[in-house]
Amino acid sequence: MRVYWFTEDAYPDLPDQETYDSIRVDLANSNFDPERGYELYNWYLDLWCKAEEMGFDIMNNEHHQTATCMVPAAPLMLSILARETSTARLCILGNPVGNRRNPIRVAEEMAMIDVISKGRLDCGFVRGVPFEAAPANRSPIRGSQRVWEAHDLILKCWTTHDGPFNFEGRWFQGRQINIWPRPYQQPHPPVWITTGGRTSTPPVVKNKYVGAVFLAGYPRIRSIFDGYREDWAEMHGGMAPLDRLAYLALIYVADDEQKAREGADKLMWYMHANKVAPQWANPPGYHPPQLAGAVMKGAGGPGIPLSTTLDEQIARGNFFVGTPDQVYEQLKAFWEYSGGFGNLLMMGQAGFLTEAETLRSMELFSKEVKPRLEALENSWDTEELWEFSKAQPVKDNVPMDGFGMEFVR
Amino acid sequence: MIVKTETLSIQGVEVPVTRQGSGKPLFLLHGGGGPVSALPFAAKLAEQFEIIEPTHPGFNGTAVPDHFDGMPDLVFSYLDIIDALKLEDAVILGISMGGWLAAELCVLPQMPFSKLIMVDAVGVRTGPPTKRNIADIFALPGPELAKAMWHDPTRAPNPMDMTDEQATIAAGNRIALALYGWEPFLHNPKLPNRLHRIRIPTRFIWGESDGLVTIEYGKTYADMIDGADFVTIPEAGHSPQAEQPELFVKHVVDFAG
């Protein structure tokens, strides 16, 4: 079990939520104080370095024009960490290649990070959430197709070593493509792709890439992971290895239950702060017409439910909260229900969670939860685990709200 | 009024075409809201014209062809549609995005059109890059969009009142509009340098309260076409044909009847 430690690098010092319509896209950057930004960037980098010291791997991401994430260029943060760390895997999840204009540049950036870090890059590609369409000025129509064409070009960049090649696709063109440097890892860094449903999974499985799922919780995790496993059995035969699956959740561990809930309440900032005006949540072509029509009629909301309570989030399997024993038991139950996964993406900081609170949770997790998760993983045969998972009744008594709309791919 | 629908097959793309009335052909190109033949203004015009309205691929529940990327694909599809319909000496009337399409067609040679009517049309941009010529309809909150589009914003369709099927069609129309006009936004930067080729009589009809493309924009656009005249309709926004059908019909008939 690899555990990747993640913070989205929020800029939480905002005015009262009533005073603005949306934390994303059109919140004026007069709300961003560069002095505070300086402190936060460096604090977040320090946290990732501490994560490595505690035995975590590292995950980061990017968003644009939003206080939920101060990183509009994930490769910049990751390149600093490539130099500042020495052992952790560095997972970028991911490069929004459906929105980036030049995939060759992405291939070059990723190759550099892979070389500087001596082969520690895990390279994710994502379509990006709907709110990214306006900042990128990129039409969401056929966004998934564009992601895969960019992927094809990037893979070709990484694996071509005999001089220039030609690539004239529908969206991306180059006639003398010959990147320097080439990646450290051969034939190329591991590839991760976010998946949100059955239709987006087959190309991920076909390439044996890691399928990463964000916050699907009990209501959706099994259909997604089962889809991956079924496709794997069909395409490659046998069981998909657990290290091909990843799950992201918010996690807070403390010495006692009271402190754990206080910390988790602070993590809930990620949910409560995500106030998004409807016009940014449903750009034309992101969703197929039927779903887009339902969103127009009010289904789904902005993607992340603003109103749910911590208990609901824990019940969904989006949050794991408590003492080390409690968090282990919650994770074990979810992990076994899901059929298992080999990569846990731990969102361990958000909003106003302080340095001391964040570090204590990380420390407890690394010392008291992670070893038990590793033992749990080793105790199961993947096939028996899948049978065990499928034998459990479907847990559909968890409130849904239309949550998960954001991650439809 | 009897409205007849036929379906053309254009290079594998199914294109519904409605016809109503008799007389001089009036080739009607709808805007981003989808076909408008069912509105009262069309029935009124059909007393003097044969109204022929194709549905642009992607609108009104039709599929977006896989190979379509933008307005040039629509223009070339329309060359085939025009051939198939065997139009002659027709009036071409384009509304909003349909006006952009009409202008793109009328700069080409051998078009069967004798008069051009542009209604609250998009298609060009002027001024410095920071000037927003065309309201960003994909970024406006619902109430502001209604205000920009309509003189009487209560006329704006409310998704909450739609059936699931209507909402699906409305969402599909929005996707099709974005397909044709996302970037560059609802215009062709090359078009102003081509508009001198329009040599048929041209009339611009504009809703005075249009907040999507203002009267100022419309006048600048009209100035790019030799001899084009410009008439306005009070108490009408971006869809004067819907908000003031009688005056709209009068302006069409006075010019082309």
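Reply: Start with strand pairing: two strands pair if DSSP finds at least two bridges between them. Helices (H or I, at least four residues) and strands (E, at least two) are DSSP runs, numbered from the N terminus. The model is predicted: local features need pLDDT of at least 70, side-chain atom pairs count only at pLDDT 80 or more, and totals for chains, interfaces and linings use all residues. Residues are numbered from 1 along each chain as its sequence is written, while chains are lettered from A and ligands numbered from 1 in the order in which they are written.

Me: Which are the edge strands of the open sheet in chain B?
Reply: The sheet has eight strands with mixed pairing. Their order is β1-β2-β4-β3-β5-β6-β7-β8. An edge strand pairs on one side only; here these are β1 (4-10) and β8 of chain B.

Me: What is the average twist from one strand to the next?
Reply: Axes are lines fitted to C-alpha atoms, for helices over the stretch in contact, and angles run from 0 to 180 degrees between N-to-C directions. From strand to strand, the twist averages 25°.

Me: How many bridges join β1(B) to β2(B)?
Reply: Strand β2 covers residues 13-20 of chain B, and β1(B) and β2(B) run antiparallel. Across this pair, Thr7(B) stands opposite Pro16(B). The bridges between β1(B) and β2(B) number seven.

Me: What angle does α6(B) make with β7(B)?
Reply: Two residues are in contact if their C-beta atoms, placed from the backbone, lie within 7 Å. Helix α6 (residues 215-223) of chain B packs on the sheet and touches β7 (202-207) and β8. Between the directions of α6(B) and β7(B), the angle is about 175°.

Me: What is the radius of gyration of chain B?
Reply: It is taken over C-alpha atoms, and the globule rule is 2.2 Å times the number of residues to the power 0.38. With 257 residues, a compact globule would come out near 18 Å. Chain B agrees with that, at 17 Å.

Me: Is Gln110(B) buried or exposed?
Reply: A residue is buried if 20 or more other C-beta atoms lie within 10 Å of its own, exposed if 12 or fewer, and partly exposed in between; C-beta atoms are placed from the backbone. Gln110(B) has a positive phi near 60° though it is not glycine. This residue sits in the loop between α3 (97-106) and β6 (113-119) of chain B. Because Gln110(B) has 6 other C-beta atoms within 10 Å, it is exposed.

Me: How many C-beta neighbours does Glu235(B) have inside 10 Å?
Reply: Glu235(B) is another non-glycine residue with positive phi, about 55°. Its loop runs between β8 (229-233) and α7 (240-243) of chain B. Glu235(B) counts as partly exposed because its neighbours number 13.

Me: Where in chain A is Pro187(A)?
Reply: The peptide bond from Gln186(A) to Pro187(A) is cis, with omega near 5°. Pro187(A) lies in the loop between β6 (173-177) and β7 (191-194) of chain A.

Me: Which residues of α15(A) meet α13(A)?
Reply: The axes of α13 (residues 324-338) and α15 (residues 382-391) of chain A come within 7 Å and cross at roughly 95°. From α13(A) come Glu336(A), Tyr337(A) and Ser338(A). From α15(A) come Leu385(A), Phe388(A) and Ser389(A).
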